[in-house]
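Dear colleague,

I am handing over the structure below, together with an account of what was found in it. Please read the notes alongside the coordinates.

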Amino acid sequence: MTDYDYNEFENFVELNQNLKPLTAKTYYNTYKNIRKHLKDILPISENKLIKYIDNFENTKSWTDDIPPSTNTLLNTLNVIIQIKRTFEEENDKLLKKRNELMELRDAEKENKINMMVLPTKKEVNNYIKSLYKNDDNLNYIINFLIFNYFLTAQDLNIAIVDKITDTKNHLYNYLVISKSHVNFVKYGNKSSDKFGRKSFSIKSKPFKLALNNLLKERNDENKIKYLITTKENKPLDKNILSKYIKNKLYDFLSPSLYHRINIIDIINNNNVEQFKQAADRMNMTYNAVIEKYNMVK
């Protein structure tokens with residue numbers, strides 16, 4: 001089957017002008033794989049398409065005899081749904097199937113995490129202290145904030161200012177340097193409507209010293225400075241923050257696993273107040289944290 005058979009896909013792209021080129025290319029590669037086994041997607045019933053997904057392992061659509069992952073199934077199903085939706089075809093059953101696969105993917109991820117042998121809180125804290133002792137100021141600040149204040153990579157889209165009145169641009173979170181401490185001002189992300197603006201005080205002297213030393217290293221004369229920057233002292237694009245942070249944490253862990261280590265320690269020590277504080281800093285309810293980390297109330 002050659003490209004000129006793909007009128008269905010071409011029409012789909014034509015009707016989705018806002019589709020990013022990289023996304024369109026990814027969809028196209030997935031669509032080509034689907035068309036090795038099926039004809040046009042639109043005329044095929046939802047039940048038959050679901051059967052195709054359920055029997056995907058038998059289509060030999062992967063290489064090296066490795067069965068397709070749940071993510072592969074989700075990506076395949078998503079292209080089918082997008083095409084059905086674009087042409088206003090029924091897709092309720094397909095959406096239900098996608099939800100089932102998403103739940104399966106999350107369960108697989110959770111099982112993988114539960115099988116991991118994570119470092120202790122003491123081990124991570126010792127690593128963070130070593131960064132400070134070695135004057136690795138930026139990495140110390142990144143690790144300190146994520147581990148102690150339950151920040152995500154996106155939360156580190158931070159501007160550094162001297163006055164609280166300079167924290168009005170909601171595109172950034174802020175570190176406000178005062179004489180005695182540092183205030184962290186966080187504007188909500190996806191949960192902003194529910195949790196809104198948060199502010200808390202960081203009274204750690206090593207943290208304040210590391211932050212001041214970082215600014216001295218950069219010799220940045222701008223009134224508003226940024227924590228993670230380009231060589232020109234401009235804020236790093238927030239779309240690549242996660243990738244940047246990936247190799248900065250202890251043992252290449254993710255921010256989420258840093259949080260898990262802290263939550264496990266809090267639970268083991270039966271510290272209810274710290275648990276509530278952690279939930280608040282993660283913009284989550286008490287019960288949501290319990291559910292996420294499979295803890296028992």
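**Findings in the predicted model**

I141 is found in helix α7, which spans residues 137-149; helices (H or I, at least four residues) and strands (E, at least two) are DSSP runs, numbered from the N terminus. This is a predicted model, in which local features need pLDDT of at least 70 and side-chain atom pairs count only at pLDDT 80 or more, whereas totals for chains, interfaces and linings use all residues. Residues are numbered from 1 along each chain as its sequence is written, and side-chain values use heavy atoms, with hydrogens and water left out.

With a relative accessibility of 0%, I141 counts as buried, where buried means under 20% relative accessible area, exposed over 50% and partly exposed in between, computed with a 1.4 Å probe on protein chains only. Leaving aside neighbours within four places in sequence, I141 is in contact with F207, A210, L211, L214 and L227, a contact being heavy atoms within 4.5 Å. I141 and I128 are 13 residues apart in sequence, and their C-alpha atoms are 8.7 Å apart in space.

**Chain and cores**

The protein chain has 13 helices and five strands, and buried residues make up 42% of its 297 residues. Among contacts in the chain between residues at least 6 apart in sequence, 57% join residues at least 24 apart.

The largest nonpolar core has 38 residues, and those with the most contacts inside it are L145, L156, F207 and L227; such a core is a set of buried Ala, Val, Leu, Ile, Met, Phe, Trp, Tyr and Cys residues joined through side-chain atoms within 4.5 Å. The largest share of this core, nine residues, comes from α7. Apart from it lies another core, of 23 residues, among them Y6, Y27, F56 and I81. In soluble globular proteins, nonpolar side chains tend to be buried together. As for L145, again leaving aside neighbours within four places in sequence, this residue is in contact with F150, L151, L156, I158, I202, F207 and L227.

**The sheet**

Five strands form an open sheet with mixed pairing, in the order β4-β3-β2-β1-β5; two strands pair if DSSP finds at least two bridges between them. The edge strands are β4 (198-202) and β5, each of which pairs on one side only. Strand β1 (residues 158-161) is covered on both faces, with I158 and I160 buried on one side and A159 and V161 buried on the other.

β1 pairs with strand β2 (residues 173-177) in the parallel sense over four bridges; I160 stands opposite L175 in β2, and the bridge partner of V161 in β2 is V176. With strand β5 (residues 225-226), β1 pairs in the antiparallel sense over two bridges, and there A159 stands opposite Y226.

**The cavity**

A search of the whole structure finds one cavity of 30 Å³ or more. On a 1 Å grid over the protein atoms alone, a cavity is a set of points where a 1.4 Å probe fits but cannot get out, and lining residues have an atom within 4 Å of a point; grid points are joined across faces, edges and corners, and a volume is the space filled by probe spheres set on the points. About 40 Å³ of space lies in the largest cavity, which is lined by L156, N157, I158, Y172, Y226, I228, P235, L236 and L241. The lining divides into eight nonpolar residues, one polar and no charged, where Ala, Val, Leu, Ile, Met, Phe, Trp, Tyr, Cys and Pro count as nonpolar, Asp, Glu, Lys and Arg as charged, and the others, Gly among them, as polar.

**Asparagines in loops**

N91 lies in the loop between α4 (70-86) and α5 (92-115) and is buried, with a relative accessible area of 9%. Beyond its neighbours within four places in sequence, N91 is in contact with E46, I81, K84 and R85.

N233, in the loop between β5 and α10 (241-245), has a phi near 65°, a positive value in a residue other than glycine, and is buried at a relative accessible area of 17%. N283, in the loop between α12 (272-281) and α13 (286-292), likewise has a positive phi, near 55°, and counts as buried at 7% relative accessibility.

With kind regards

Notes
On a 1 Å grid over the protein atoms alone, a cavity is a set of points where a 1.4 Å probe fits but cannot get out, and a pocket is an open set with protein on both sides within 12 Å along at least five of seven lines; lining residues have an atom within 4 Å of a point.
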